[in-house]
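Open the structure in your viewer and keep the selection tool at hand. This tour moves from one selection to the next.

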Amino acid sequence: MVKIAPSILSADFARLGCDVKALDSAGADWIHIDVMDGHFVPNLTFGPVIVESIRSYTQKTFDVHLMMTNPENFITSFAKAGADYITVHLEAQSNIEYLISLIKKEGKKVGLSICPSTPVAKLEPFIPLIDLVLIMSVEPGFGGQTFQEKALEKIVSVKELIGKKHVLVSVDGGINQITAPACKLAGADILVAGSYIFKKKPYAIQIQQLKEG
Ligand code: DX5
Ligand code: ZN
C-alpha cells in the first residue's frame, strides 16, 4: 500500500500544530516538511525551530525536504529538531557524499531529490548510500503547481536503477486523484501532496482517495 505524506507547506501556518494533529488523525503516514532557503528556490519557509515546535503533535515520520543551496549548515539542527528522513537535492552546491555522511552521522534516513530537469542517471553513484529518492514532479519552491507527466517515466527509471536495493521512491508535486494512481502504477512507494489534501476538510477524505484511488 502506498504511503501518503501530506506537505505542510499548504497547511495553516497560524495553526500548524493543530493541522499536524489533524493530519495524524486523518491517516497521514508521514508528514512532509518543505524547508526553503530563498536561494535554492525563490521562496522562504521555516527552520528547525518550527520542526521542533510541531514534533510533539504526532509520532508520525517527519520527512524533511531541504530545498537549500548549502544544507550542510542545517542537517544537525534539523536532526535534533526531530527529523526522521532528511532529503537533500542533488542540485545543491555541496558535496553529496559529505551531505549523506552528515545525515547518517545523525542517525537519520537519507533522501536524495532530483528536480524535473535532472536526469535519473545522475543518481546512480548514490543509490547504494541512500534510503529514499524524491522525484520532483513540479519545480521546487511552491505548492499548487501542475504535475509534470515526465515524472512517471522517471519513477520507472529510478525503480530500475534501484533494483533489489531497499530504497524508497517518493513523488512530490501536483499529486491528486488523477496523478496518484499513475504514480502508483509506475512504482511509487510514497506520494507527497499538499494543496490536494488541504483543499477541504476533513483531510481524511482526500488522504483516503490518494491511498485507495
Ligand atoms: C514544492 C514542495 C512540494 C509541494 C507539494 O517545492 O517540495 O512538497 O509542497 O505541494 P502540491 O501537492 O500542492 O503540489
Ligand atoms: Zn517537498
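A salt bridge here is a side-chain nitrogen of Lys or Arg within 4 Å of a carboxyl oxygen of Asp or Glu. By that rule, a search of the whole structure finds six. We will visit some of them after a look at the whole.

This is a predicted model, so local features need pLDDT of at least 70 and side-chain atom pairs count only at pLDDT 80 or more, while totals for chains, interfaces and linings use all residues. Residues are numbered from 1 along each chain as its sequence is written, chains are lettered from A and ligands numbered from 1 in the order in which they are written, and side-chain values use heavy atoms, with hydrogens and water left out.

**Whole protein**

Show the cartoon. Of its 213 residues, 53% count as buried. Buried means under 20% relative accessible area, exposed over 50%, and partly exposed in between (1.4 Å probe, protein chains only).

**Zinc site**

Select ligand 2, the zinc ion. Which residues coordinate the zinc ion? They are His-32 (NE2), Asp-34 (OD), His-65 (ND1) and Asp-172 (OD), at 2.1 to 2.3 Å. Donors are N, O and S atoms within 2.8 Å of the metal (3.2 Å for Na, K and Ca); water is not among the atoms, so sites may look incomplete. Along the chain, the donors follow the spacing H-x1-D-x30-H-x106-D. His-65 lies in strand E3 (residues 61–67) and Asp-172 in strand E7 (residues 168–172), so this pair ties together parts 107 residues apart in sequence. His-65 is buried at 0% relative accessible area, and Asp-172 is buried at 8%.

**Salt bridges**

Select Asp-24 and Lys-60. Their closest N and O atoms are 3.8 Å apart. Asp-24 sits in helix H1 (residues 16–25) and Lys-60 in the loop between helix H2 (48–55) and E3.

Next, pick Asp-29 and Lys-211, a salt bridge with closest N and O atoms 3.2 Å apart. Asp-29 is in the loop between H1 and strand E2 (30–36) and Lys-211 in helix H8 (residues 203–212), so the pair ties together parts 182 residues apart in sequence. Buried or partly exposed: how does Lys-211 count? Lys-211 is buried, at 17% relative accessibility.

Finish at Lys-159 and Asp-189, whose side chains meet in a salt bridge (3.7 Å, N to O).

Methods. Helix = DSSP H or I, 4+ residues; strand = E, 2+ residues; numbered from the N terminus.
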